[in-house]
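Let's take a friendly walk through this fold, one element at a time. Have the model open beside you as you read.

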Amino acid sequence: MMDLGGKVALVTGGNGGIGLAMAGALADAGATLALVGRNADKTEAAAASLAREGAPAPLALTGDMTEEQGVAAAVARVAAQFGGLDILVNNAGVNDRKLPQDYTLPEWNALIAGNLTSAFLVSKAAYPLMAARGGGKIVNIGSIMSIFGSPMSAPYAAAKGGLVQMTKALATAWAGDNIQVNAILPGWIDTDMTVTAREQVPGLNDRVLARTPAGRWGRPADLGGAALFLCAPASDFVTGIALPVDGGYSCAA
Ligand code: NDP
């Protein structure tokens, strides 16, 4: 039920942090991996680290997933290299924290594009390839900000909340094509993104530790199991859900 042998997976933003850890879990289960990020060197290094004996060499792609042409080129490269696409993890994301009244319109638009529009564009490009294979899996990486508000992340929260609703919409639209579309909502995970959060938001570290029942920050590897489940045959009748992976953050009063 967890075997991904013969499956081709594309992980956006898979060159570090949560994306790389999820890609590792998929590679360990036998998937053939393609990664895409804007930083070519980082993506090459990450792809090399995912090489597994007996599997095709992982493909490192450079592209900006907020640009339709970049998305089309990346998805076409995956199809050309591996003959199709079965699994898409929309993990690429960005944040910039400030009070709502301090965002400019270009900053707002960039955060909506980087966290929501990008996932739509890649899903749209992946759809015909998955439909042609008789099915597929799409996993969108939301956030606990998909559920909660935060004074310092209005556009990020709006985009991540929208991502959950888009997940449900795509799940209903593509269920007849045997494509399952689900979301994962990570809690506070120790990555480059949250290093900057701790710099931008005073007291964040202590508040996260106090508010998370598990009593610790998450590690990128904590996301591997949930990602594997939602990319594997084990979840073939699961679609449209948003699964928190947060050490209990979202269930604590
Ligand atoms: P990172 O900053 O380490 O990873 C983000 C990745 O996205 C990078 O690999 C980056 O690569 C890539 N990326 C960003 N924008 C684009 C773009 N336009 N096109 C292509 N790639 C892009 O942070 P995390 O690992 O923490 O974040 C991964 C996901 O998890 C994000 O969606 C984030 O919102 C979400 N998340 C993280 C949480 C946390 O606590 N860390 C909590 C909840 C959600 P490059 O710079 O090379 O483009």
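## A helix across the sheet

Helix α4 (residues 105–133) lies across β1 (8–12), β4, β5 and β6 (179–186), and runs at about 170° to β4. Helices (H or I, at least four residues) and strands (E, at least two) are DSSP runs, numbered from the N terminus. Axes are lines fitted to C-alpha atoms, for helices over the stretch in contact (heavy atoms within 4.5 Å), and angles run from 0 to 180 degrees between N-to-C directions.

This is a predicted model, in which local features need pLDDT of at least 70, side-chain atom pairs count only at pLDDT 80 or more, and totals for chains, interfaces and linings use all residues. Residues are numbered from 1 along each chain as its sequence is written, and side-chain values use heavy atoms, without hydrogens and water.

## The sheet

Seven strands form an open sheet with parallel pairing, in the order β3-β2-β1-β4-β5-β6-β7. Because β3 (59–62) and β7 (242–245) stand at the edges with a single partner strand each, one side of each has no neighbour in the sheet. From one strand to the next, the twist averages 20°.

Two strands pair if DSSP finds at least two bridges between them. Strands β4 (residues 87–90) and β5 (residues 136–141) are joined in the parallel sense by four bridges, with N90 opposite N140 in β5.

## Strand β2
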